[in-house]
Amino acid sequence: MWIWIAVGAAVLAAAVVVLRRRSVRRRRVHPYYVTAKKLRITWPPGYAEHRPIRMVRRPDALFLIEEFASRAAALDFLRRCEIREERIYVIAENPEGNLGRDLIMIFEEADGAPVEIGERSPLPAPRHSDEDCARCGYPVIPGALPELDGAATVRVAVALDGMARDGSGFRCADCGALGCAWCYRAVPQRTDGSGHADPRCWLCGGRVDVLVE
Ligand SMILES: [Zn+2]
Ligand SMILES: [Zn+2]
C-alpha cells in the first residue's frame with residue numbers, strides 16, 4: 001500500500017516537472033520581433049516592440065524585411081538600424097527600389113551597389129572583446145594589410161576609408177582589444193611627432209596593429 005502511494009507521488013512529481021517544462025517552452029515561442037531582438041540588431045527606438053518583422057532564412061543568411069511607402073522613408077529607417085552581426089540583411093522594400101543594410105553598409109537590393117557606409121553608434125561604455133570593436137561593438141573582420149608606407153596622415157585616412165568598407169580594423173598590441181576602422185575614421189585621431197596618424201586602443205591607449213587574417 002505505502003509503496004503504491006510512494007510510486008503515485010513520484011509519478012505526480014514527474015508530471016509536474018514535465019508540465020512546468022512545457023509551459024516554459026511555450027513561453028519561448030515568440031512572435032517574430034522577439035526572435036529578432038535576440039539578434040545583434042539595434043532597431044530604431046520603439047520599432048521592434050510595435051510591429052512584427054518578416055523573416056526569410058537562407059542557409060547562409062537571414063533577411064529581415066519591411067515595407068515603406070517611399071525610398072526616403074526606407075533610407076531613414078535603415079540609417080537608424082544597426083546590425084552587429086555578419087550575414088544579416090535588413091531589407092527596406094519601397095516602390096522606388098528596395099534598399100538593404102548589413103554589417104557595413106546601406107546598398108541597393110537589386111545589384112548590391114553601395115549607397116552609403118552605415119553609421120555606427122558607440123556602446124554605452126567601451127568593452128573588451130576578442131571579436132568586436134571595443135568602442136561600437138561591431139565585429140572586426142580580419143583583412144589584408146593596407147598600404148601604409150610613407151604613411152602621411154592623408155594616406156592613413158584613405159586606408160581607413162577602404163578598411164571601413166571592408167569592416168576591418170585593428171588590435172591593441174598591449175591588451176588585445178579590437179577597434180574597427182569606422183570608429184578610427186569617425187573620431188579624430190592624434191598624430192605623432194612627424195604628423196602621422198597614431199591611432200590608439202580605446203581601452204588602454206596602447207598602440208594598435210592592423211588585424212590581419
Ligand atoms: Zn567600432
Ligand atoms: Zn589596449
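Visitor: How many bridges join strand 9 to strand 11?

Guide: Strands of a sheet pair through backbone hydrogen bonds, parallel or antiparallel. Here, strand 9 (residues 169-172) and strand 11 run antiparallel, with three bridges joining them. Strands here are DSSP runs of E with at least two residues, helices are runs of H or I with at least four, and both are numbered from the N terminus. Two strands count as paired if DSSP finds at least two bridges between them. Along that pair, F170 sits opposite V210 in strand 11.

This is a predicted model: local features need pLDDT of at least 70, side-chain atom pairs count only at pLDDT 80 or more, and totals for chains, interfaces and linings use all residues. Residues are numbered from 1 along each chain as its sequence is written, while chains are lettered from A and ligands numbered from 1 in the order in which they are written.

Visitor: What is the strand order in the open sheet of three strands?

Guide: The order is 10-9-11, with antiparallel pairing. Strand 10 (178-180) and strand 11 (208-210) are at the edges with a single partner strand each, so one side of each has no neighbour in the sheet. Neighbouring strands are turned by 30° against each other on average, direction ignored; axes are lines fitted to C-alpha atoms (for helices, over the stretch in contact), and angles run from 0 to 180 degrees between N-to-C directions.

Visitor: Which order does the open sheet of six strands have?

Guide: That one reads 2-3-5-6-7-8, with mixed pairing. Inside it, strand 3 (residues 61-67) and strand 5 (residues 88-93) run parallel, joined by six bridges. E66 faces A92 in strand 5.
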